[in-house]
Amino acid sequence: MKPSIHNDQQLRLFPDSEELPIHSSTPLIVLPENKQSKRTNHMIKFKSLHESQKPLIHLMPESYLEYIGELIPRDHLCRMVKEVVFSLDTEPIEAKYSFLGQNSYHPKLLLSILFYGYATGVRSSRKLSGKCISDHMYIYLMQCYRPDHRTISDFRKNNIKEIEKYFVDMVRIFSELGYKSVGKIFLDGTKIKGNASAKRTKDRAGFEKWLERIDEDIKSLLKEAEAIDNQEEESCKLSSEQEELRKKLNNRKYVKGKIHDALEMLKDEQRKKINLTDKDANFMKPGGSKDIRPGYNCQASVTEEGIIVASDAVTDANDHDQLEPMIEQTESNTGKKVEEATADSGYGGYASYEYLEERGIDGYVPDKYFHKYKSGEYKKEENRYHYSNFVHNGSDDSYTCPEGKRLAYCKTRKKKTKSRQWNHKVYKGTECANCVKRSLCTKSKVRELLIDIREPLLRRMREKLLSKEGALKYFKRQYTIEPLFGHLKYNLGYRSFLLRGVEKVRAEFKLMCIGWNLKKMLKLNIKPVRV
């Protein structure tokens, strides 16, 4: 037997004291008597149903925000974001707005949804705009306003310098709170794809061929347009075919202008290749990938707690020249001297060791051949005559080969180019003519050694890394800074940038780092102060 429906009586499934409250306008269901008689449990099984949402929908924004505020946990990330953003000085952004026209959204609100979005993996302006309608956290941060996606996008790209400054302000929050490990940093970099296609990266010859094809297309389209015009002279209104041809012509003329600009850049900047879409993006190979794509090399410097204290996006495909600028930026952001720096072999080299020595920084940075040296590769018989097996004699500045023969100092060779610097001491063998192993050691008449004058720095670094203390400090780098890039690229999906140009990309990467630091602040229970 089906339950009957009555609109004019109250539903009674329980005794009078145990009634389920339902709105009077809702159809009521009465179960048959045999069903009611079987119910013996006096506990209410479900929560009350709110079929009518009118009381909630008609709330004023202030009341609605108060309602949402009660739903959001006190230790939620969005509350931390709001506290941090409202402690920042947004007057430089506010000064850009005019009193004319419609009132604008306050910069603190737009910064709040950008910071929270980048912290949680939402950075598309359209998605952020949609979240301001459907997500309690974004409604709470945006205070019930609903910005258009274009408003969010323009705010992000028009306030690049200010966003970079807010990253520094957040770093100083940690520094002012007295985190003693700010002077001990770990460096690393990762490749992130640019917002550009690899097919549009060409050299001069490639652009010139492309330009020829576009010129031919333009001539063909002009002839086709002229033929259509002759057929439709009587009509003043453009036909659909003419509209389509006009769009094709405008597109090709636009691309032609971009190609001319790219050719000028190739000439002025002496670059071999350039990408037409993002002229700053450089060809580089991301870790673990076989593809070489236009992208950026993103650098980060973190403390022992995992707090990012410096970040940058550069166009260099390797990390070789990034140690010095990252340490300088760390000291500038924190206002404290770096005492200890740890980085992988990509940062190693004579120039880096010389810089660390001059600054008095305790560095743990292996060179690119350290792994072979550590594993004993150079001790094998086939590498018996590798230069590392020659022993230096400090008394007369000479070397002794594995066969006990002497190599005397000959001269110092100095040379400097834009990409490299030579500063070598040249040592030549004095007894090679009578050595029976000469053919295994060298193809010349005598063996020559080219030893960089900074070789003692490299040897000391290797010895330090092979010590127990040095090995532990270098091992700590793996679980201190590596999780940062793993979180950004794999948990949040930041495998490519949305913005183009090195300045905008740098600001977008700082937004990613701001999101990471906000989560660290929440985890460490740090309360922001006005900066």
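A charge is said to sit over a ring if NZ of Lys or CZ of Arg is within 6 Å of the ring centre and within 35 degrees of the ring normal. In this predicted model, the charged end of Lys-108 meets that description over the ring of Phe-86, at 5.8 Å from its centre.

**Charges over rings**
- Besides Lys-108 over Phe-86, the charged end of Lys-464 sits over the ring of Tyr-364, 4.8 Å from its centre.

**Aromatic pairs**
- The whole structure contains 7 aromatic pairs.
- Tyr-105 and Tyr-145 form an edge-to-face pair, because their ring centres are 5.8 Å apart and their planes stand at 65 degrees.
- This pair links distant parts of the chain, 40 residues apart: Tyr-105 lies in the loop between helix H5 (91-94) and H6, and Tyr-145 in the loop between helix H8 (136-142) and helix H9 (149-158).
- Tyr-105 is partly exposed, with a relative accessible area of 26%, and Tyr-145 is also partly exposed, at 43%.
- Tyr-296 and Phe-497 make an edge-to-face pair, with 6.0 Å between centres and 85 degrees between planes.
- Tyr-296 belongs to strand E7 (residues 293-302), whereas Phe-497 is in the loop between helix H19 (482-491) and helix H20 (502-524), 201 residues apart.
- Both Tyr-296 and Phe-497 are buried.
- Tyr-399, Tyr-409 and Tyr-427 are joined into a cluster by ring pairs.

**The setting of Arg-123**
- Arg-123 occupies the loop between helix H6 (107-120) and helix H7 (125-134).
- Arg-123 is buried, with a relative accessible area of 10%.
- A polar atom of the Arg-123 side chain lies 2.5 Å from the backbone oxygen of Ser-496.
- Residues touched by Arg-123 include Phe-497, Arg-156 and Glu-508.

Note on methods
Residues numbered from 1 in each chain as written. Predicted model: local features only at pLDDT ≥ 70, side-chain atom pairs only at ≥ 80, totals over all residues. Heavy atoms only, no water. Helix = DSSP H or I, 4+ residues; strand = E, 2+ residues; numbered from the N terminus. Buried < 20%, exposed > 50% of the residue type's maximum accessible area, 1.4 Å probe, protein only. Polar contact = N/O pair within 3.5 Å; in protein donor to acceptor, adjacent residues only side chain to side chain. Contact = heavy atoms within 4.5 Å. Phe/Tyr/Trp six-rings, centres within 6.5 Å; stacked < 30°, edge-to-face > 60°. Lists of a residue's contacts leave out its neighbours within four places in sequence.
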